[in-house]
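Here is a walk through a structure that may be new to you. Have a look at the sequence and the fold first, and then we'll go through the main features together.

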Amino acid sequence: MANRLSAWLARYKLVLIAASLPILVGLWWAFRPEKLWINQTVNEPAPFDTSGEPEPIFTGQFQGKTSGRVTVFKKPNGKEYLRLRDLTIPGDADAHLELTRSDEVNQAQAAAKTSLHGLDLGLLKTNQGDQNYDLPAPADLTKNDAVVIYNQRIGTILGWAKLEPF
Amino acid sequence: MLRYMQTRIALALLLSLMGFAYASAQEKAQILFTGAFHGKVHNTSGRATVYQESDGRLVLRLTKFKTSNGPDVHVVLIAAKDADDDANFLKNSTEKIKLGALKGNEGDQNYDIPKGTDLQKFQTVSIYCERFNANFGAAPLKKF
């Protein structure tokens, strides 16, 4: 049996090669396996002028009972500020804006009453709409990656956003 | 010799003026939407941002972008809030708008968004392998 097969293979060797060639080419075309190892890097500049404008460096969306977006901008002079946009929080007189670690927020939410160990940016200016806050120099945003709206008096988190690099 | 120098200086002045005119012709743009890419199977990461230029044109810009290289990969907008990593756009007959072939699997890149595109409807950017109907990664666009 094996002999007959090898004899058959020897006889039709050229035909087999010729027939399998287009199949191999087709498979290569479909899967392009070499692309597993080859990266194609591009580096297009922005198609518009970004000079002199504050540059967004972190952004996140509020969750919980609060909605809106927080974005951290870096001014051309290097100073950073935090901007809240389209903010809506349930009415509260004593809401503070705090920067802290997101794992602390997760732990704090599990507890009924809590205190945060982050950086207090002060009373929330208004509970509706757009507003800016200057960031103090030591605000380490890779560590303090959560912006929290927090009621200090009753110790509850009204809403928070995780900062992601822009 | 002097004349030759004068021509050279005049030419240099002219070129720098043209450069200045080109730079000031580049307009500012406003961010409308942004979102981060997710995609585990094909390891897709980075950010997608929609800018509106001062003349109203919409541009999708990918930054810090990375995905796996593959055949026939396109950048598409899909009519969905987000897409699962194993989403099948054909099966779910998801509406798509093609923005073009992916320019590179790594790095910053820009794509024009056709005039009149409803971004309230087409809310997600997908890196889509047309040949195998595979979603390499998706970025849900949220209001900035």
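## A sheet in chain B

Strand E3 of chain B, residues 58-66, is joined to E6(B) by 5 bridges, and the two run antiparallel. Keep in mind that this is a predicted model. To see one spot in that pairing, find B:Leu60: its bridge partner in E6(B) is B:Tyr111.

## Where the chains meet

The two chains touch: 26 residues of chain B are in contact with 21 residues of chain A. On the chain B side, strand E1 (29-36), strand E2 (45-53), E3, E6 and E9 each supply at least two of the touching residues. What kinds of residues make up that side of chain B? There are 6 nonpolar, 9 polar and 11 charged ones.

## Chain A and its strands

Chain A has 3 helices and 9 strands. Starting at the N terminus, its elements go α-α-β-β-β-β-α-β-β-β-β-β. The chain is more spread out than a compact globule, because its radius of gyration is 29 Å, well over the 15 Å that the globule rule gives for 166 residues. Its C-alpha trace spans about 90 × 45 × 25 Å along the principal axes, and 21% of the 166 residues of chain A count as buried. If you take contacts in chain A between residues at least 6 apart in sequence, 61% of them join residues at least 24 apart.

Strand E3 of chain A (residues 80-88) has antiparallel pairings with E2(A) and with E6(A). Strand E2 covers residues 67-74, and the hairpin of E2(A) and E3(A) has 5 residues between the strands. In that hairpin, A:Gly78 takes a positive phi near 95 degrees. Strand E6 of chain A, residues 128-134, is hardly covered: the count of buried residues among its 7 residues is 0.

Here are the pairings of E3(A), with some of the residues that face each other:

| Pairing | Bridges | Residues standing opposite |
|---|---|---|
| E2(A) with E3(A) | 7 bridges | A:Arg69 and A:Arg85 |
| E3(A) with E6(A) | 6 bridges | A:Leu87 and A:Gly129 |

Another opposite pair is A:Leu84 with A:Gln131 in E6(A).

In soluble globular proteins, nonpolar side chains tend to be buried together. Here, the largest nonpolar core has 27 residues, and those with the most contacts inside it include B:Ala48, B:Val75, B:Ile78 and B:Leu141. Two or more residues come from each of E1, E2, E3, strand E4 (73-78), strand E7 (124-129) and strand E8 (134-140) of chain B. Which element gives the largest share? That would be E4(B), with 5 residues.

Leaving aside neighbours within four places in sequence, B:Ile78 is in contact with several residues, including B:Ala83, B:Phe89, B:Phe122 and B:Ser126.

There is also a second, separate core of 26 residues, with A:Phe58, A:Val105, A:Ile149 and A:Trp160 among them.

Conventions:
Residues numbered from 1 in each chain as written. Chains lettered and ligands numbered in written order. Predicted model: local features only at pLDDT ≥ 70, side-chain atom pairs only at ≥ 80, totals over all residues. Helix = DSSP H or I, 4+ residues; strand = E, 2+ residues; numbered from the N terminus. Rg over C-alpha atoms; globule rule 2.2 N^0.38 Å. Buried ≥ 20, exposed ≤ 12 C-beta atoms within 10 Å, placed from the backbone. Contact = placed C-beta atoms within 7 Å. Pairing = 2+ DSSP bridges. Nonpolar A, V, L, I, M, F, W, Y, C, P; charged D, E, K, R; others polar. Core = buried A, V, L, I, M, F, W, Y, C linked by C-beta atoms within 7 Å.
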